[in-house]
Amino acid sequence: MTAFKSDFLNVLQSRGFIHQISDPDSLDALAANRELVAYIGFDCTASSLHVGSMVQIMCLYWLQQTGNKPIALMGGGTTRVGDPSGKDETRKILSIEDIDRNKDGIKQVFSHFLRFGEGKSDAVMPDNAEWLTKLNWIEMLRDIGRHFSVNRMLAMDSVKLRLERDQEMSFIEFNYMILQAYDYYVLNQRYDCRLQMGGSDQWGNIVNGIDLGRRMGTPQLHALTTPLITTSSGEKMGKTASGAVWLNADMKSPYDYWQFWRNTEDADVPRFLKLFTTLPLGEIEKLSALKGAEINEAKKALADAATTLLHGTDAARTAAETARQTFEEGAIAQSLPTATVPSPILENGLSVLEAYVLSNLVMSKGEARRQIRNGGLRVNDLVVNDEDRTLTFADLTPEGVIKLSLGKKRHILLKPA
């Protein structure tokens, strides 16, 4: 393990955030003097970021905590193009109105992690639409495009892998790496930004920005990428049976967010405690040493700390208490209204559409279908995606009920009779 002089790189290394660094010694020197300005770009493809972005958010968090300056770059301009990295097909082109709406939703997340202002280490949040939308095509070709080799661009993973799979890449996507590289140059000119961070799939794009900066006369720029985070079972981080784990409370309640972390696989707990909480490493080491049933205490600590970071102490405490009552006492389950279904019907399989009509949560099967298409129905807190799904005894919780939910506030417990 490399011994760094800077608190920033030491924290990232000890917590498992570092995959590659372009010039560790030079970057370490900047961070050690607390003179490092770094950015990560976030395209506005949805109205919230999800857990898959938490590694990048935490990199910016630790950057500021160690006295350096973070830039959370909103991709209002690059979202109009679409990043081809890791994709087999062209991203959906969003309207300007949708992009602006998504940007407003994403901004809410960062207020929980970063301190914004005019101070030396205060975070800023520019939008690359400010400069990208003003580029003149001929001037861009002459002043920026001339620094790019098509041979090198074709060798980039984001392009090469798409072509190897015989998947079409549009000309607009092919230009994405040029725009991202230009972002780095502009942020260097405006903020003396010297580091771009991103996921491991962004290494080539970031190095392009470093090369463009060198050709256009910037000081030395740097790249740092984080490892791809997957669960022990090989699943992509942040994906569940009910879809993405969103960070905005109106898209994923604090209780559901708490439950996501509480349900972490045993083998992932030590790593996730380091990546997704700010708990001291000594405390994490003690929690990671727990075995058997005691590992659940470490999972609760993970859920408490991660939820506190995003939603605050009160929301985390409420979520933990709700979970305790529901799963340990059954108090919430007892207080919810109930409906009964004859055991033979449930044994043979009860249509989820009929179950919702039977419970009076909807008036008709047609309404149930519409709710499913809009993601409005949940069985045992998991979104129902299949209109043909049937409920059986296998769906009974340990309390002997099936929890049917319409939206976030209407719940019925279905009991066999």
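Colleague: Which residues are buried in helix α8?

Modeller: Quick note before I answer: this is a predicted model. In α8, which spans residues 157-164, the buried ones are Ser158, Val159 and Arg162.

Colleague: And where do they sit around the axis of α8?

Modeller: Ser158, Val159 and Arg162 are the buried ones. They span an arc of only 95 degrees around the axis, so they are on the same side of α8.

Colleague: What covers them?

Modeller: The cover over the buried residues of α8 includes α7 (150-155), α9 (171-174) and α10 (176-191).

Colleague: Which residue just after α8 takes a positive phi?

Modeller: That's Asp166, with a phi of about 60 degrees.

Colleague: Which ones point which way?

Modeller: Lys69, Ile71, Leu73 and Gly75 point one way from β3, while Pro70, Ala72 and Met74 point the other way. Residues on both sides are buried, and that includes Lys69.

Colleague: What joins β2 to β3, and do they run parallel or antiparallel?

Modeller: Seven bridges join β2 (residues 37-43) to β3, and the two run parallel. If you want a spot to look at, Tyr39 stands opposite Ile71 in β3.

Colleague: How does the chain cross from β2 to β3?

Modeller: It goes through helix α3, residues 54-65, and this β-α-β crossover is right-handed.

Colleague: Now the aromatics. How many aromatic pairs does the structure hold?

Modeller: Nine. One of them is Tyr257 with Trp261, an edge-to-face pair at 6.0 Å centre to centre, with 80 degrees between the planes.

Colleague: Where do Tyr257 and Trp261 lie?

Modeller: Both are in helix α12 (residues 254-262), four residues apart, about one turn of the helix. In general, an α-helix has 3.6 residues a turn, so residues three or four places apart point the same way.

Colleague: Is Trp261 buried or exposed?

Modeller: Buried, at 0% relative accessibility. Tyr257 is buried as well, with a relative accessible area of 1%.

Colleague: What about Trp261 and Phe276, how far apart are the ring centres?

Modeller: Their centres are 5.0 Å apart and the planes are at 45 degrees, so that pair counts as tilted. Trp261 is in α12 and Phe276 is in α13 (residues 269-276), so the pair ties together parts that are 15 residues apart in sequence. Phe276 is buried too, with a relative accessible area of 1%.

Colleague: Which residues form the aromatic cluster?

Modeller: Tyr257, Phe260, Trp261, Phe272 and Phe276 form one cluster.

Colleague: Last topic: where is Ser232 found?

Modeller: Ser232 is in the loop between β5 (222-226) and β6 (239-240). Ser232 counts as partly exposed, at 44% relative accessibility.

Colleague: What is Ser232 in contact with?

Modeller: Leaving aside neighbours within four places in sequence, Ser232 is in contact with Glu265, Ala267, Asp268 and Arg271. With Asp268 there's a polar contact of 2.6 Å between the side chains.

Colleague: And what separates Ser232 from Met216?

Modeller: They're 16 residues apart along the chain, and their C-alpha atoms are separated by 44 Å.

Notes
Residues numbered from 1 in each chain as written. Predicted model: local features only at pLDDT ≥ 70, side-chain atom pairs only at ≥ 80, totals over all residues. Heavy atoms only, no water. Phe/Tyr/Trp six-rings, centres within 6.5 Å; stacked < 30°, edge-to-face > 60°. Buried < 20%, exposed > 50% of the residue type's maximum accessible area, 1.4 Å probe, protein only. Pairing = 2+ DSSP bridges. Right-handed = clockwise from strand over helix to strand, strands pointing away. Arc of directions from axis to C-beta. Contact = heavy atoms within 4.5 Å. Polar contact = N/O pair within 3.5 Å; in protein donor to acceptor, adjacent residues only side chain to side chain.
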